[in-house]
Amino acid sequence: MARTELAGAVRVARWADNALGPGRDGATADGKATLSAATAERAAADLGLTADQVRADWDTARLAGLVEVHGDSARPGWRLRAWDRDDSAVLRGWVALFDAWSLALPEPAGHEPAAVAEVVSAMPQVLSFLQLSAGPVPVEQLLDLLRQRVEELRTERCEVTYEPGAESPAAPAEATDVPPAALAPLLDWALGALASVGALTYGAGQATLTPLGSWAVWVKLEQICVAAQSPAGNIEQSAEDMLRGCAQLRPNAARAEYRAWLAARTVGSAVTELIDAARGEDALLRGLAFEALRVVGAPAEPDVRAVVDEPALRPYALLWLAEHDGLDPEDAHEVLTREEATWLWVDTAAAVADHGEAPMLVRHLESAVQPTVPQLLDEVRAVGHPRTVQVLVALAAAHPDPALAKAVRRAAFQVHTGG
């Protein structure tokens, strides 16, 4: 259903990808993502559509993240690149359109912006009621629900009216008496806009969520519930503090915490926070940040690709991308070069040395790609990780074999002295 709903937008987005790529001029008219008249006519001719249809599909493509506009140039969004191979990209694209329903149709004239904002704020409750009803609901019933919700919003803001010359405020009449007649045109606009994005059907005095709309509302409710039931209570924390709070959790509990933390934020800001946390000096947070990015999934792909050239993040990013592209996690390490695998071994050892116990560090030796300890030490010294000395000193102190511990201490000394 989502693919069908966005088929026109995908068609225009793919046309733009081919016709408006880098180095081509005239994509937009005003630097604000409005398609220029010449470009719209050109697309209409190529696609067998009217210019108005092209503009409507272009707007849908932007809202769904299929097209990104930068000044006068347009480029495909990650969802368009993943469209044919990733169903989650399709669903996320439609949910982005669903979230932007208030932009799908022009709001009715003659209404204060504050009144429109109140209706937009109240519609999630109306949609939840439609979802729970699981069938057609009379518009009169929705209007009454909308009126009640708007009254609640005004009461929460403590809106009161002041009579001229009065010593004290009058009763908050506006906050408790919203005339239905004032809301009816705005409800009609809201239901029409939601119908235009495929979230519901609207006509004959009633509204019904489509299966796609019902699913989207259910997902939103589930996200709210997950966010409200954060197992470790880290929802309000920064990414770094949240990751530190998850360090002692079992993998399933940590993933539940990541999901709760992510549900309370926009995807873009969450991914940025996680990558910034990964850039810090704590190697443990680096690994946990990429575990959280695995929970994010496809929307994190552009940001992960963007850090592939950063030495500290490269091995983590390459493994993430390999798994995202369908490689089995047990085989994903094969995408790393020997040097990258060694760097990752040192980084992981640093995390164990800082936060784990001595036996864990000793067991970490077994995960090295080098078949012998002398080979490992030679390549660890060559890889240039900033924590190499600390890792080798900690390993020497932890290892029960005196001869091996001595060799490791010697290697640490040589790295320290530049030998």
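A residue is termed buried under 20% relative accessible area, exposed over 50%, and partly exposed in between. In this predicted model, tryptophan 218 has a relative accessibility of 45% and therefore counts as partly exposed. Tryptophan 218 is part of helix H11, which covers residues 211-228. Together with Leu91 and Trp215, Trp218 forms a nonpolar patch on the surface, and the accessible area of the three residues comes to about 280 Å².

The protein has 419 residues, of which 44% are buried. Its secondary structure consists of 22 helices and five strands. The accessible surface amounts to about 21200 Å², and carbon and sulfur atoms account for 53% of this area. Of the contacts with a separation of 6 or more, 62% are between residues 24 or more positions apart.

Three aromatic pairs were found in a search of the whole structure. In one of them, the ring centres of tryptophan 94 and phenylalanine 98 are 5.4 Å apart and the planes lie at 15°; because planes under 30 degrees apart count as stacked, this pair is stacked. Both residues belong to helix H6 (residues 87-99), where a spacing of four residues corresponds to about one turn of the helix. Tryptophan 94 and phenylalanine 98 are both buried.

Another stacked aromatic pair is made by phenylalanine 290 and tyrosine 316, with 5.6 Å from centre to centre and 25° between the planes. This pair links distant parts of the chain, since phenylalanine 290 lies in helix H15 (residues 283-296) and tyrosine 316 in helix H17 (residues 314-324), 26 residues apart. Phenylalanine 290 has a relative accessible area of 1% and is therefore buried. Tyrosine 316, at 9% relative accessibility, also counts as buried.

Glutamate 340 is located in helix H18, which covers residues 338-355. With a relative accessible area of 11%, glutamate 340 falls under the 20% limit and is therefore buried. Apart from neighbours within four places in sequence, glutamate 340 contacts Arg314, Pro315, Leu318 and Val335.

Helix H13 comprises 13 residues, 251-263, and at 1.5 Å a residue it should span 18 Å. The expected span is 1.5 Å times one less than the number of residues. The buried residues of H13 include Ala254, Glu257, Tyr258, Ala260, Trp261 and Leu262.

How values were computed
Residues numbered from 1 in each chain as written. Predicted model: local features only at pLDDT ≥ 70, side-chain atom pairs only at ≥ 80, totals over all residues. Heavy atoms only, no water. Helix = DSSP H or I, 4+ residues; strand = E, 2+ residues; numbered from the N terminus. Buried < 20%, exposed > 50% of the residue type's maximum accessible area, 1.4 Å probe, protein only. Contact = heavy atoms within 4.5 Å. Patch = residues over 30% accessible without salt bridge, like charges linked within 9 Å, V, L, I, M, F, W, Y side chains within 5 Å. Areas by Shrake-Rupley, 256 points an atom, 1.4 Å probe, with all protein chains shown as cover. Salt bridge = Lys/Arg side-chain N within 4 Å of Asp/Glu carboxyl O. Phe/Tyr/Trp six-rings, centres within 6.5 Å; stacked < 30°, edge-to-face > 60°.
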